Amino acid sequence: MPTAALTADRSRKRPFWTMERRDSLAGYLFIAPQLCGIVLFVLIPLGLVVWYSLHEWNVLAGTFRFVGDANYKKLAADPALPEVLGATAIFSAGLVVFNLSLALLLAILVNQKLRGITVFRTIFFSPVVVSLVAWTIVWNFLLQANGGINGLLQVIGVTGPNWLRSPPTAMASVIVVQVFKNVGLNMVLFLAALQGVPRELYEAARVDGASRWTQFHAITVPLISPTILLTMIITIVGSLQVFAQIAVLTQGGPGMSTTVLVYYLYQQAFQFHRFGYGATISILLFLIVAVLTFAQWQMRKRIVFYEN
Amino acid sequence: MKLFDLRLAALAAGIALPLAAVPAIAQDIRMAIWSANEAHLKLFNEIAAAYTAQHPEVKVSFDSLPFDGYTTTLTTQIAGGNAPDLAWILETTAGDFVSSGALSPLKATFEGVADYNLADVTESALSLWTADGEIYAYPFSTSPFGMFVNNDVIKAAGQQTPAELIAAGEWTWDKAEAINTAVAAAGKQGLIVRDFDYKVWDNLASIWNGWGASPWSADGKTCTFTEQPMVDAMSFIHKAIFTDKAIPGPGVTADFFAGDAAMTITQISRASLLPKENPFNWDLVPLPSGPAGEYAVIGQAGIGVFASGKNPAVAADFLAFFSNPDNAKKLAKFFPPPRSSLLNAEVLGAANPLLSATQIENVVIKGISTGKVKPGHAGFAEIQQTARAALDALWVADADVPAVLKSVCDRIQPML
């Protein structure tokens with residue numbers, strides 16, 4: 001009895017707010033704003049999108065009818081889907097290859113210790129801070145049949161194509177406009193990575209008689225490989241979300257050649273008033289982004305060296 | 001007893017007086033429009049103020065949405081549970097709005113207003129907005145397409161002006177085509193179908209109606225892109241673009257109102273774009289006659305009341321006020337009216353001081369009374385996009401016109 005009484009007494013004396021609990025509370029309070037944001041603006045909308053995708057929602061008629069997996073079956077049988085996925089794949093592949101190559105090349109160029117090099121860094125980065133729609137509208141003028149680019153070509157005696165009116169050049173134009181807009185961001189990331197490569201390694205390589213190319217592929221690339229992976233993931237995810245450029249430059253044409261998945265989603269939901277079907281397409285987009293990101297993350301073991 | 005009476009009276013006054021002093025519950029009405037023109041808004045606000053003077057509890061506001069993506073913005077507002085009480089609706093989407101049940105019926109409200117004179121609103125103007133004898137929108141703007149011409153450019157190319165051809169009874173598409181070919185050869189652009197831009201193909205109705213062509217049958221169930229009148233009309237347009245260069249090709253930017261071109265097909269309200277400094281010698285003429293004879297095409301805009309709005313009954317009452325004969329006359333200053341009593345040179349002349357009496361008679365009055373509304377259909381946005389994608393194959397020099405038109409029908413027929 002006295003032992004039990006002593007235990008009870010001790011537990012009574014022990015304060016509820018132990019150091020451990022205080023730390024936990026502080027931790028939760030610190031992440032609370034972020035957590036609320038994620039719940040409100042990511043998780044709940046994501047849940048709602050799944051819910052909408054199980055319904056036929058006609059906004060004009062005001063009908064919201066449960067249809068089960070009908071929208072998913074319809075998507076699987078949608079005759080336009082292969083063309084849309086094809087356009088999305090071409091756009092993403094073209095964008096990633098062109099963007100990363102150009103960004104790395106620019107980063108190497110602006111990594112030289114030359115007088116006034118910061119001016120070039122600023123110039124290459126400046127499109128990143130320009131309004132996307134304004135940037136695209138200016139390019140829309142330049143890419144017209146009698147626009148600025150063909151005007152320049154005419155000066156050197158070349159008749160330029162009608163850039164936005166034939167499928168290959170329209171897709172190429174949309175990719176180039178997007179690359180020039182965002183290449184500066186990847187360039188800065190590569191520049192930071194390049195400047196993190198220890199100089200001694202290059203000095204040692206030179207002493208060993210390594211050529212510039214050998215130095216690049218044997219030292220630079222492995223050491224900046226974490227950044228290459230990061231920029232690749234960011235660029236691919238970004239490429240799958242392209243919308244404004246398509247809406248302003250081509251509206252998905254000519255034919256369906258530049259109708260990428262997000263633009264198709266927009267058409268179905270907001271132009272054709274099929275919000276349930278649009279939600280289903282967005283689930284497909286979510287899955288594609290998730291699978292690609294996961295796959296690239298898995299690849300890091302093979303392509304990323306010296307990861308901390 | 002007296003004391004009791006006094007108490008009773010005081011009690012009654014105590015209840016009744018505060019009740020009388022409390023104003024009716026305030027009601028806010030919002031009308032979505034695509035104009036942000038200051039003069040338009042000033043007139044709308046004046047009409048709204050006059051309504052509020054009669055109904056102090058009602059406040060009306062006008063919400064200017066951008067014309068690009070107007071219907072998309074509207075449907076997004078409805079999806080978000082924030083439908084406006086009233087909205088302007090384009091003729092091309094009339095089918096969707098009228099058939100969906102999104103709009104409140106208006107006939108009883110219009111008929112219930114003294115002096116509204118519903119019979120004065122022409123049946124042809126109402127037809128697009130009527131279903132099963134019920135009216136779902138008021139066609140506040142019925143605007144004919146006309147041909148603005150730049151006589152300076154035409155004469156410089158050594159051609160007869162359209163006015164001269166009209167006088168000679170020779171104002172046909174073949175003659176117009178010859179003028180535009182000559183103008184193009186002389187270094188200017190020929191004919192611009194305004195806002196077509198090789199995407200808004202329904203604007204080509206202003207040409208193909210001259211061949212008696214239409215995109216689908218009158219009942220809207222059969223695609224008629226493959227029928228001979230449409231094949232002939234599209235072949236004519238294709239030749240004009242790629243062989244004769246009489247119409248600027250895809251991706252070529254040119255502005256008639258900047259003096260770049262000989263002719264443009266557009267609605268008469270665009271007269272406001274005519275240059276005030278260094279004006280050129282312009283004219284407004286009816287569309288040339290085609291193989292099927294003379295014709296006219298009109299664009300329309302209606303005002304509907306949303307059933308899902310907060311105050312459909314009040315909104316309908318405001319619309320009846322907004323479109324009564326007095327206000328319709330004021331609105332005619334900017335928007336060609338649907339009321340036959342207002343379709344005269346005097347009213348329309350005062351509304352369009354830039355236009356001559358002949359231009360008003362030949363283009364506006366004749367256009368409104370005989371014109372066919374631009375094509376529309378339920379599910380128009382999807383049909384428009386699908387046909388646009390298929391028609392892209394037509395806008396190349398070596399296109400096979402009948403084959404492309406067949407592919408249009410193959411794609412849109414399931415949607416009709």
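The model is predicted.

**Stop 1: two helices in chain A**

Select residues 212–240 of chain A, which form helix H10. Angles over 145 degrees count as roughly antiparallel, so H10(A) and H13(A) are roughly antiparallel to each other.

Now show side chains. On H10(A), pick Ser225(A), Leu229(A), Met232(A), Ile233(A), Ile236(A), Val237(A) and Leu240(A). They meet a set of residues in H13(A) that includes Leu285(A), Ile288(A), Val289(A) and Leu292(A). Thr293(A), Gln296(A), Arg300(A) and Ile303(A) of H13(A) also belong to this contact. Colour the contact by class: 11 residues are nonpolar, 3 polar and 1 charged.

**Stop 2: the domains of chain B**

Move to chain B. Colour 27–143 and 299–373 as domain 1.

**Stop 3: where the domains touch**

Stay in chain B. Here 24 residues of domain 1 are in contact with 21 residues of domain 2. Which elements of chain B each supply at least two residues of the domain 1 side? Select helix H4 (94–100), helix H15 (357–370) and strand S11 (372–373) of chain B. H15(B) gives the largest share of that side, 8 residues. By class, the domain 1 side in chain B has 8 nonpolar, 12 polar and 4 charged residues.

Methods
Residues numbered from 1 in each chain as written. Chains lettered and ligands numbered in written order. Predicted model: local features only at pLDDT ≥ 70, side-chain atom pairs only at ≥ 80, totals over all residues. Axes fitted to C-alpha atoms, helices over the stretch in contact; angles between N-to-C directions. Helix = DSSP H or I, 4+ residues; strand = E, 2+ residues; numbered from the N terminus. Parallel < 35°, antiparallel > 145°, perpendicular 65-115°, else oblique. Contact = placed C-beta atoms within 7 Å. Nonpolar A, V, L, I, M, F, W, Y, C, P; charged D, E, K, R; others polar. Domains from an automatic or database assignment.
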